[in-house]
Amino acid sequence: MFLSSRRRLLAAATGACLAILLFGAGRASAADILIEATAIIEHPALDGTRDGILDALKAAGYQENKDFKFVYENAQGNVTTAAQIARKFVGDKPSVIVPISTASTQAVVAATRDIPVVFATVTDPLGAKIVTNLEKPGGNVTGVVDMPPLAKHLALISKISPSAKRIGVPYNPGEANSITQINLLKPMMQAAGLTMVEASISKSSDVLAAAQSLVGKVDVIYVPNDNTAVAALESVLKVGIDNKIPVYAGDTDSVQRGAIATLGFNYRDVGRQAGKIVVRVLKGEKPGNIAVEGAEITELYVNRSSAEKMGVTVPADLVAQAKQVF
């Protein structure tokens, strides 16, 4: 009777172990799903995009460090480092790579034709030669475009600063996304009777000198969605405040930091939109069969405090329309 009881206990324990092994084998673990994300530089819009991606994964039922492992690296503004990160990620063989920014996406796309890639915050994926077709991108790449509403930005600037005729634009000509914006802005400004004054930069430490070079030459400064310039936005804001030159921006996070106003995207929402595509890929869809999406939500942000410091008053009707006022 004692032996029989021991056999029954042993059989039960063995069965329990087998059940754990069998059921555990059918469930994804953090080791099974590796998602790696990278950005060209650190600033609030790109950080918000990263956080939005994680929001979307959580909303879909994926728990970090339980159902998936998430790795994030930024290249500190260096395209050579971006390429090194891309090659490292490819060697890790992740489930999905999520490059955030045009430069990081170009680096990742150059490094792999096999691993699924879902990009976020790319201004012009066609011009940057990331995909050749937005509806049917093909291959292993898709993602979310964040082309800013440039014509609306110029209209906003003209409403708040109606006497402005010369607009200073600091940007990095090494960023494909910036070149696209500049090429679109020039004819828009010309048609509106405005003049662009360019201030070229190659790294964030150049931004202060570039902004200072615009003093006495421009009526306002517009900081486009240029990662190098946005990363050092505070340098531009200081020049604007010290010299009473209104500073406008292309992204909403820059308004919270001190630019006067913009109509743009909440980049955490952009990240959530990209994260939903990541979920589709994890569930088996091929990136090349998923159409590239445009960022869906635009919002008006206004910073009245900064406007006062820079010598302008934001019209009351704009303040009333704003999603957020600082």
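1. P94 is buried, with a relative accessibility of 7%, where buried means under 20% relative accessible area, exposed over 50% and partly exposed in between, using a 1.4 Å probe and protein chains only. The residue sits in the loop between α3 and β3 (96-100), helices being DSSP runs of H or I with at least four residues and strands DSSP runs of E with at least two, numbered from the N terminus. Leaving aside residues up to four places away in sequence, P94 touches L34, E36, F89 and I115, a contact being heavy atoms within 4.5 Å. P94 and V71 are 23 residues apart in sequence, and their C-alpha atoms are 9.7 Å apart in space.

2. On the basis of these values, please note that this is a predicted model, in which local features need pLDDT of at least 70 and side-chain atom pairs count only at pLDDT 80 or more, while totals for chains, interfaces and linings use all residues. Residues are numbered from 1 along each chain as its sequence is written, and side-chain values use heavy atoms, with hydrogens and water left out.

3. S178 counts as buried at 1% relative accessibility, and, not counting residues up to four places away in sequence, S178 touches Y171, N172, N225 and D226.

4. Turning to charged pairs, a search of the whole structure finds 13 salt bridges, each defined as a side-chain nitrogen of Lys or Arg within 4 Å of a carboxyl oxygen of Asp or Glu. One of them joins K88 and E73, with the closest N and O atoms 3.8 Å apart. Because K88 lies in helix α3 (residues 79-92) and E73 in strand β2 (residues 69-74), the pair ties together parts that are 15 residues apart in sequence. K88 is partly exposed, with a relative accessible area of 41%, and E73 is partly exposed at 26%.

5. A salt bridge also links D55 with R268, the closest N and O atoms being 2.6 Å apart. This pair connects distant parts of the chain, with D55 in helix α2 (residues 44-59) and R268 in helix α11 (residues 267-282), 213 residues apart. D55 is partly exposed, with a relative accessible area of 22%, and R268 counts as partly exposed at 34% relative accessibility.

6. Within helix α11, the side chains of R272 and D269 meet in a salt bridge with an N to O distance of 2.7 Å, and these residues lie three apart, about one turn of the helix. R272 counts as partly exposed at 32% relative accessibility. Salt bridges that share partners join D55, R268, D269 and R272 into one network.

7. The axes of α2 and α11 come within 6 Å and cross at roughly 45°, the axes being lines fitted to C-alpha atoms, for helices over the stretch in contact, with angles running from 0 to 180 degrees between N-to-C directions. The two helices are therefore oblique to each other, since angles under 35 degrees count as roughly parallel, over 145 as roughly antiparallel, 65 to 115 as roughly perpendicular and the rest as oblique.

8. Residues of α2 that meet α11 include A45, G48, I53 and D55, and those on the α11 side include Y267, R268, G271 and L282. The residues of this contact divide into nine nonpolar, five polar and five charged.

Notes. Ala, Val, Leu, Ile, Met, Phe, Trp, Tyr, Cys and Pro count as nonpolar, Asp, Glu, Lys and Arg as charged, and the others, Gly among them, as polar.
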